[in-house]
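Work through the exercises below with the model open. Try each task before you read its solution.

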Amino acid sequence: MLTIGAHLSASKGYTAMLKQALEIGANTFQFFTRNPRGGSAKAIDENDVTAFLQLMKENNFPVILAHAPYTLNCCSAKPETREFALNTFADDLKRMEYTPNQLYNFHPGSHVGQGVDVGVEQIAEILNKVLFEDMTTTVLLETMAGKGSEIGRSFEELRAIIDRVELSEKIGVCLDTCHVHEGGYDIINNLDGVLEDFDHIVGINRLKAIHLNDSKNPIAAHKDRHEKIGDGYIGLDAIERIINHPSLKNLPFYLETPNELDGYAKEISLLRSLYND
């Protein structure tokens, strides 16, 4: 069965998000752990969490994906920004243990002129401080489009981070279809080759989730502009191949397309009709 969901608002809590996911035909969802442009996080409502975990079980939700705020930059040139990233990351991972065995995704960061090597070291340094032995969460590095000084535009950069993480078994990857397309990987005409490269460099076993987005730009644009499914340069045929690829089809897929809830519902219905059980 296709595991697919969309990015939902966490403002009303876990249970409300799950019910909203059910309304649009989803069996997973993604949410921001806190304001994506700020630093505050709502207090955890333990009653809400208890009800959510029961509903998750009753409705066969295999996993959910939490997304770090955009302000979390582990390789900023500013020490105070890196300190904010460290504190936010550590707090998020502590909060994630209220919902055990889920996924937490973050953008590796932008080195802002320091260079990739320095940025990679700084990202790994923070990961080595925030990961802990008995955590149940898997932390995902997201593939990036290569806008500005973003780190994560290549599989090699992701591998370089992973190689420096002491608890690397806690680390996975979230592949964003728009990002890898705009980063220069030809997932339209050479999906097999791209995944073979990923397996050789990173390891396909580390691929834990897919951000399923079309792109407003042609390949290698490095701009990070998401489009609705089938309306962009990637196109519906390629997206159908992605959701049915043997290495990907059993992973959870998350829509980050420019949609409201009704648009997500239509995309989920469309993708379910294209999926081969």
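**Exercise 1. Find how the axes of α5 and α7 cross, and which residues make the contact.**

Step 1. Locate α7 at residues 191–201 and α5 at residues 155–163. Helices here are DSSP runs of H or I with at least four residues, strands are runs of E with at least two, and both are numbered from the N terminus.

Step 2. Compare the axes. They come within 10 Å and cross at roughly 20°. Axes are lines fitted to C-alpha atoms, for helices over the stretch in contact, and angles between N-to-C directions run from 0 to 180 degrees. The angle makes α5 roughly parallel to α7, a label for angles under 35 degrees.

Step 3. The crossing of α5 and α7 is right-handed: the near helix is turned clockwise from the far one by less than a right angle.

Step 4. List the contact, meaning heavy atoms within 4.5 Å. F155, E156 and R159 of α5 meet V194, D197, F198 and I201 of α7.

A note on the source: this is a predicted model, where local features need pLDDT of at least 70, side-chain atom pairs count only at pLDDT 80 or more, and totals for chains, interfaces and linings use all residues. Residues are numbered from 1 along each chain as its sequence is written, and side-chain values use heavy atoms, with hydrogens and water left out.

**Exercise 2. Trace the order of the eight strands in the open sheet.**

Step 1. Read across the sheet: β1-β10-β7-β6-β5-β4-β3-β2, with parallel pairing. Two strands pair if DSSP finds at least two bridges between them.

Step 2. β1 (4–6) and β2 (30–32) each pair on one side only.

Step 3. Neighbouring strands are turned by 30° against each other on average, direction ignored.

Step 4. Inspect two pairs. β5 (residues 138–142) and β6 (residues 171–176) run parallel, joined by four bridges. There, E142 stands opposite C174. Helix α5 packs on the sheet and touches both β5 and β6, its direction making about 145° with that of β5. β3 (residues 65–67) pairs with β4 over three bridges, also in the parallel sense. A66 stands opposite Y104 of β4.

Step 5. Look at the faces of β4. L103 and N105 lie on one side, Y104 and F106 on the other, and all are buried. Buried means under 20% relative accessible area, exposed over 50%, and partly exposed in between (1.4 Å probe, protein chains only).

**Exercise 3. Name the buried residues of α8 and find what covers them.**

Step 1. In α8 (residues 236–244), pick out A238, I239, I242, I243 and N244.

Step 2. Find the cover. It includes α6 (177–182), α7, β7 (207–212), β8 (214–215), β10 (253–255) and α9 (261–274).

Step 3. N276 touches N244 and K249. N276 sits in the segment after α9, and at 47% relative accessibility it counts as partly exposed.

Technical notes:
Angles under 35 degrees count as roughly parallel, over 145 as roughly antiparallel, 65 to 115 as roughly perpendicular and the rest as oblique. Lists of a residue's contacts leave out its neighbours within four places in sequence.
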